[in-house]
Amino acid sequence: MNPLFEVKDIDKQFYKEKLERFLPGKIIDIHTHVWQDSIRKVTPGSPVRAVTWPSLVARDNSIEDLFETYRLMFPGKEVIPLIFSQVSLNYDIDEGNRYIRKCAAQHRLPSLAVTKPQQSAIEFETVISEGGFLGCKVYLNFAEPYIPEKEIRIYDFLPPHQLEVLNQHGWMVMLHIPRDGRLKDPVNLAQMIEIERKYPNIKLIIAHVGRAYCPEDIGSAFAILSETQNMIFDISANTNSYVFTELIKAVGPKRILFGSDLPILRMRMKRYCEEGRYINAVPKGLYGDLSGDRNMREIEGKEADNLSFFMYEEIDAFRIAAESEGLNQKDIEDIFFNNAKTLIENAVKEKYVWTN
């Protein structure tokens, strides 16, 4: 049987020299997509509201593939995921939620439902409660098609009537913020702060450090967000050590979570910032035709041979930031395990697989 992906000597060396001692023995991955390709569907006329390069890494990510990824990437570690399905309009969201519900029950894993803003409060509450989910994963794709992508606001895909339900139950929401300005966008910042203020029982997770993948994405955001009390930030699919450093300064280690965004973290790559835009450098030919993607760049030769996993690049960037800010081993254990454990148990009032 062929392996899910190749682990090269360069990967083993990277892990052993930079990550193995840094990482705790138990890890919770708060941000993982799990789905089967069988839920793919064709939706003519669907607006394209996200970059397309993640689809080049994997057609699907079954629960078996997810566990195999952890086995290959984290030898000697135990990794427990919080799982949710695909957020593309080209997938059957209901079927995706059913598969997540099945996987979560079978493996006793925490999970989130993918929800849509068009659901009434009752429909929204029923999907989450009957599925045993701890809350929801929302995405800008599901905002009404007539809204231009650059004008989408958080409330367009996470409306107040659903926020009321989340607040009532103390559920989680995994929020990928919209808009070209990313974390520094004033509309995003205003609505993030308003959600925290008006709905204090919600466990609000800001994915990808608010999509601040380059220093230019920050603006005055961390100065503003340092005044917040409850919102939490995951570091998924982000490799910028400067951004991580500023995040640590702003909110401290108790409000940061490790997340991956698998399966795209299987990508063999290194990320750069050029004029405020992130560029993923990948081996030439490995991911097909990239000519139309402004965020991708192919490289060859020794530089390409030295590329390791997106996953390792993310964690190493955080390691650099953690060391620069003097975080201790307890802080690292909190970020990679304890913070998520507490968050999940507060949402569900139940013990999961990490307790004996």
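Select strand 5 (residues 172-175) and strand 6 (residues 203-206): they pair in the parallel sense over 4 bridges. Strands here are DSSP runs of E, at least two residues long, numbered from the N terminus. Two strands pair if DSSP finds at least two bridges between them. Now pick Val-173; its bridge partner in strand 6 is Leu-204.

A note on the model. It is predicted, so local features need pLDDT of at least 70 and side-chain atom pairs pLDDT 80 or more, while totals for chains, interfaces and linings use all residues. Residues are numbered from 1 along each chain as its sequence is written, and side-chain values use heavy atoms, without hydrogens and water.

Widen the view to the open sheet of 6 strands, with parallel pairing and the order 3-4-5-6-7-8. Strand 3 (113-114) and strand 8 (256-257) stand at the edges with a single partner strand each, so one side of each has no neighbour in the sheet.

Next, select strand 9 (residues 268-274). Strand 9 pairs with strand 10 in the antiparallel sense over 5 bridges. Glu-274 stands opposite Arg-277 in strand 10. The hairpin has 2 residues between the strands, and Glu-275 takes a positive phi near 55 degrees.

Find Ala-281: its bridge partner in strand 11 is Arg-297.

Finish at Met-311. Its contacts (heavy atoms within 4.5 Å) include Phe-74, Phe-258 and Leu-265.

Notes:
Lists of a residue's contacts leave out its neighbours within four places in sequence.
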